[in-house]
Amino acid sequence: MHNAPVGFRRLDERFTVAGDDYLECLFSGGRWTEGPVYVPSGKYLLFSDIPNDRIMRWDETDGSVSVFRSPAGYANGHTLDRQGRLVSCEQGARRVARTELDGSITVLADRWQGKRFNSPNDVVVARDGSVWFTDPPYGITSDYEGHRAEPEIDGCHVYRIDSSDAVDRVADDFQRPNGLAFSPDERVLYIADTHRGHIRRFDVDGGKLTGGEVFAESPGGRFDGLRVDALGRVWAAADGVHCFHPDGAHLATLPIPQPAVSNLAFGGPKRNRLFITATNSVYSIMLNTNGAWRL
Ligand code: MG
């Protein structure tokens with residue numbers, strides 16, 4: 001795999017993040033990679049290759065890449081829950097599902113008031129075990145990332161699954177809700193609206209969202225996946241990787257040598273390695289900052 005020279009474009013003097021001066025390409029040859037999640041117990045990264053309907057596994061111990069699951073319900077975003085179990089958005093199956101420790105799969109949600117979801121896209125799990133996910137239509141608008149179908153739900157919304165598996169609609173004024181991430185203290189939830197080209201900031205209280213003002217406009221490309229680091233900075237995928245201060249200031253851009261970046265995840269045993277899914281490839285870069293510890 002090739003390495004690409006890289007450097008942060010620093011836009012604000014408060015940005016002091018440094019790291020490798022090159023991007024490592026860990027994998028190339030996917031069709032549209034998405035949904036990276038680092039699994040510390042196994043020292044591997046999982047990521048989706050959506051149009052090829054497979055979840056891939058990059059092994060940190062030897063750098064090998066293999067197929068973790070295929071078919072995979074055209075899986076998109078993944079996260080780990082409080083018990084370390086894999087929680088996945090399956091665009092083809094139009095559901096959010098959990099992989100149990102014995103490998104069996106439990107459906108967490110596939111309907112809202114009797115109607116099938118569009119195609120769940122990205123997911124986060126809060127400390128209380130609730131599962132928050134977005135539901136844009138990318139898995140049903142064509143057969144490329146799922147199965148073409150008519151939507152059953154009027155619009156693209158954000159949902160929360162509580163500990164009793166009840167599903168609540170927590171935001172209903174998005175065009176294309178996509179990546180989402182909590183602040184380290186979980187008092188704030190950031191959600192990207194890909195179509196409108198911005199990230200919104202919500203206050204979280206008792207499983208409800210309030211506020212929702214625009215936090216950041218895209219400097220280039222369309223926002224997709226988001227992550228938050230230990231200092232509360234928001235790292236967002238678009239045409240490259242963009243980093244924002246919690247006050248909304250655009251701190252820096254990390255250029256990625258691909259047409260688009262879909263998502264990112266902090267990982268490695270110290271969570272100081274940023275994994276980036278971009279178009280048909282996966283990259284990583286070691287940083288002197290860490291992803292937020294939320295377990
Ligand atoms: Mg996404």
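Hi everyone, thanks for coming. Two housekeeping points. Residues are numbered from 1 along each chain as its sequence is written, and side-chain values use heavy atoms, with hydrogens and water left out. Since the model is predicted, local features need pLDDT of at least 70 and side-chain atom pairs count only at pLDDT 80 or more, while totals for chains, interfaces and linings use all residues.

Let's start with the whole chain. The protein chain has zero helices and 28 strands; helices here are DSSP runs of H or I with at least four residues, strands are runs of E with at least two, and both are numbered from the N terminus. With 295 residues, a compact globule would have a radius of gyration near 19 Å, and the 17 Å of this chain agrees with that. That radius is taken over C-alpha atoms, and the globule rule is 2.2 Å times the number of residues to the power 0.38. Of the 295 residues, 58% count as buried, where buried means under 20% relative accessible area, exposed means over 50%, and partly exposed is in between, using a 1.4 Å probe and protein chains only.

Now the sheet. Which order do the strands take in the open sheet of five? The order is S2-S25-S24-S23-S22, with antiparallel pairing; two strands pair if DSSP finds at least two bridges between them. Strand S2 (9–10) and strand S22 (226–228) stand at the edges with a single partner strand each, so one side of each has no neighbour in the sheet.

Please look at S25. Four of its five residues are buried. Two bridges join S25 to S2, and four bridges join S25 (residues 250–254) to S24 (residues 241–244). Thr 253 is the bridge partner of Arg 9 and also the bridge partner of His 242. Cys 243 stands opposite Ala 252. The hairpin of S24 and S25 has five residues between the strands, and Gly 248 takes a positive phi near 100° there.

Another hairpin is made by S20 and S21, with two residues between them, and Gly 206 in its turn has a positive phi of about 60°. Eight bridges join these antiparallel strands, and Arg 201 stands opposite Glu 213 in S21.

Next, His 78, in strand S8 (residues 75–80). Is His 78 buried or exposed? At 0% relative accessibility, it counts as buried. Its side chain makes a polar contact with the side chain of Ser 88 at 2.8 Å, and reaches the backbone oxygen of Asn 76 at 3.4 Å. A polar contact is a pair of N or O atoms within 3.5 Å; within protein, one must be able to donate a hydrogen and the other to accept it, and residues adjacent in sequence count only if both atoms are side-chain atoms.

Last stop, the magnesium ion. Which protein donors does it have? They are Asn 121 (OD1), Asn 178 (OD1) and Asp 224 (OD), 2.2 to 2.3 Å from the ion. Asn 121 lies in the loop between strand S13 (115–116) and strand S14 (123–125), and Asn 178 in strand S18 (residues 177–182), so the pair ties together parts 57 residues apart in sequence. Donors are N, O and S atoms within 2.8 Å of the metal (3.2 Å for Na, K and Ca), and water is not among the atoms, so sites may look incomplete. Asn 121 is buried at 2% relative accessible area, and Asn 178 is buried at 2%.
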